[in-house]
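This report describes selected features of a predicted model.

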Amino acid sequence: MKLTLKIWRQKSRNDKGQFVTYTMNDVNPEMSMLECLDVLNETLIEKGEEPVAFEHDCREGICGSCGFMINGVAHGPERATTVCQLTMRHFKDGQELVIEPWRAKAFPQIKDLVVDRRAFDRIIASGGYVSISTGNATDGNTHLIGKDTSDRAMDAAACIGCGACVAACPNASAALFTGAKIAHLGILPQGKPEQDRRARGMVAQLNTEPFGSCTNIGECTGACPKEIPLEVISVMNRDYIRASWKKRDDDVRTVRPVTDWSLSSKP
Amino acid sequence: MSASTAVTADQNRAPGFWQSTNGKKAVMAVTGAIMFLFIIGHVAGNLQIFEGPDKLNAYGHFLHSIGEILWVVRVVLIASVILHITATVQLALRNKAARPVGYSRKQAINSSYASRTMYWSGPIVLVFIIFHLLQFTAGYIHPGSQFIEGDVYHNVVAGFQVWWVSVWYIFAVSLLGLHLRHGIWSAFQSIGYNHPRHTPLLKKAALIIALLITLGYISIPISVLLGLVK
């Protein structure tokens with residue numbers, strides 16, 4: 001099949017960037033979107049041009065590395081699908097695909113379709129974990145957890161941190177991501193002891209990063225390849241409001257967002 | 001603060017409740033709910049116009065006779081309006097700054113029309129409320145007739161007999177309906193209530209309540225224009 005790819009090319013963060021149109025005449029409909037870019041990149045390398053930079057790792061939809069906008073929709077037109085799992089047969093022969101990176105102040109541009117998502121790492125580091133004692137592994141079934149509870153936690157834990165929620169949100173808000181982490185850990189007994197501190201810590205870091213606010217419109221959950229429900233945002237709000245009420249001192253600290261690659265030497 | 005090592009980046013104080021986007025949204029939810037209660041009370045009171053001039057004017061006198069309580073209600077409402085708008089403006093500026101470079105193409109795939117137009121419906125309703133207060137409470141703007149203090153029935157009927165006043169009223173109240181259609185259920189989400197079984201019902205209820213409120217309000221200018229109330 002024939003496709004026209006209009007791809008955002010940008011050499012570096014300070015480069016202005018522009019769309020470049022590539023025509024592909026023999027796209028195999030069974031290829032994934034990333035394999036289609038692989039084929040394009042081979043032809044570019046043969047011609048001595050710079051290949052299109054994009055992030056990828058597992059290519060089976062579970063690592064959260066890949067992702068870009070296709071015709072104005074994060075991860076393309078198929079619901080619950082990452083771009084690595086999106087096969088080309090979902091497009092029409094002769095169609096034009098406009099491909100551009102996630103756009104958000106909190107996700108600074110690195111190159112072409114690659115953006116810096118370290119803001120997510122800082123949010124995780126501010127409370128997205130469970131503190132456990134080291135030593136022998138505890139016996140299985142020490143904590144009895146009901147199926148409905150584990151299902152709810154698992155639904156939230158399915159978040160792969162790809163950033164599609166931020167990309168799809170008109171406000172570039174990371175509420176769905178943060179909510180997924182807070183809900184996933186807070187629902188389970190292992191996460192309960194740190195529930196309040198986690199909510200305050202992660203929400204504080206979320207608000208320190210230049211993300212927008214949630215307006216509860218639901219574009220994020222529509223774009224989410226793991227279909228994280230909007231419910232997790234209300235879990236975040238509930239945990240945060242309760243924890244803010246109960247807190248006894250301002251012990252939570254945030255980390256200043258770092259967007260440079262190296263503070264000491266030039267790359 | 002401890003000396004920074006290679007792994008600890010700069011540590012800063014956490015944003016307070018009002019500084020956080022989540023806190024502002026909670027404030028917007030609560031103030032929105034207060035204004036929603038007023039809207040219910042106001043439409044219930046206004047619909048007494050269909051029971052004749054005596055009933056409506058008596059209701060107007062009753063509201064003025066309660067004096068101090070009326071001012072308490074007014075102060076709470078004005079504070080709600082100010083907080084609601086302050087939070088909105090601050091969040092809107094933050095949201096705009098959160099995406100400095102926009103998309104060449106962006107498609108909405110999962111959001112309602114009402115939710116995407118909150119930034120439009122809100123300010124237009126605000127302008128309308130100011131106009132509405134100047135017309136029916138203060139009596140400064142009263143095109144087509146003389147404003148008579150205390151004769152609520154006359155003021156309403158004479159006001160709505162001017163066609164553009166009615167059209168503007170119907171337009172603004174319809175936008176209020178749109179605003180409520182998203183706002184009623186969104187407020188629950190902002191204060192932390194969402195349930196897979198209850199929230200779909202809440203969204204349906206929000207639609208029905210918004211529709212009933214809109215129809216309740218616009219039945220008055222329509223009845224006046226059709227000559228059913230004179």
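Because Asp112(A) sits in the loop between strand 6 (109-111) and strand 7 (114-115) of chain A, while Arg9(A) belongs to strand 1 (residues 3-9) of chain A, the pair ties together parts that are 103 residues apart in sequence.

## Packing of helices 1 and 3 in chain B

In chain B, helix 1 (residues 21-46) packs against helix 3 (residues 68-97) at an angle of about 145°, and their axes are 9 Å apart. The crossing of these two helices of chain B is left-handed.

Helix 1 of chain B contributes residues including Val27(B), Met28(B), Thr31(B), Ile34(B), Met35(B) and Phe38(B) to the contact. On the side of helix 3 of chain B, the contacting residues include Leu77(B), Val81(B), His84(B), Thr88(B), Leu91(B) and Arg94(B). By class, this contact has 11 nonpolar, seven polar and three charged residues.

## Nonpolar surface patch

Ile85(B), Val89(B), Leu93(B), Leu126(B) and Ile130(B) make a nonpolar surface patch of about 420 Å². Helix 3 and helix 5 (118-138) of chain B are the elements that each give two or more residues to the patch. Helix 3 of chain B supplies the largest share, three residues, and Val89(B) lies in this helix.

How values were computed
Residues numbered from 1 in each chain as written. Chains lettered and ligands numbered in written order. Predicted model: local features only at pLDDT ≥ 70, side-chain atom pairs only at ≥ 80, totals over all residues. Heavy atoms only, no water. Axes fitted to C-alpha atoms, helices over the stretch in contact; angles between N-to-C directions. Helix = DSSP H or I, 4+ residues; strand = E, 2+ residues; numbered from the N terminus. Left-handed = near helix turned anticlockwise from the far one by under 90°. Contact = heavy atoms within 4.5 Å. Nonpolar A, V, L, I, M, F, W, Y, C, P; charged D, E, K, R; others polar. Patch = residues over 30% accessible without salt bridge, like charges linked within 9 Å, V, L, I, M, F, W, Y side chains within 5 Å. Areas by Shrake-Rupley, 256 points an atom, 1.4 Å probe, with all protein chains shown as cover. Salt bridge = Lys/Arg side-chain N within 4 Å of Asp/Glu carboxyl O.
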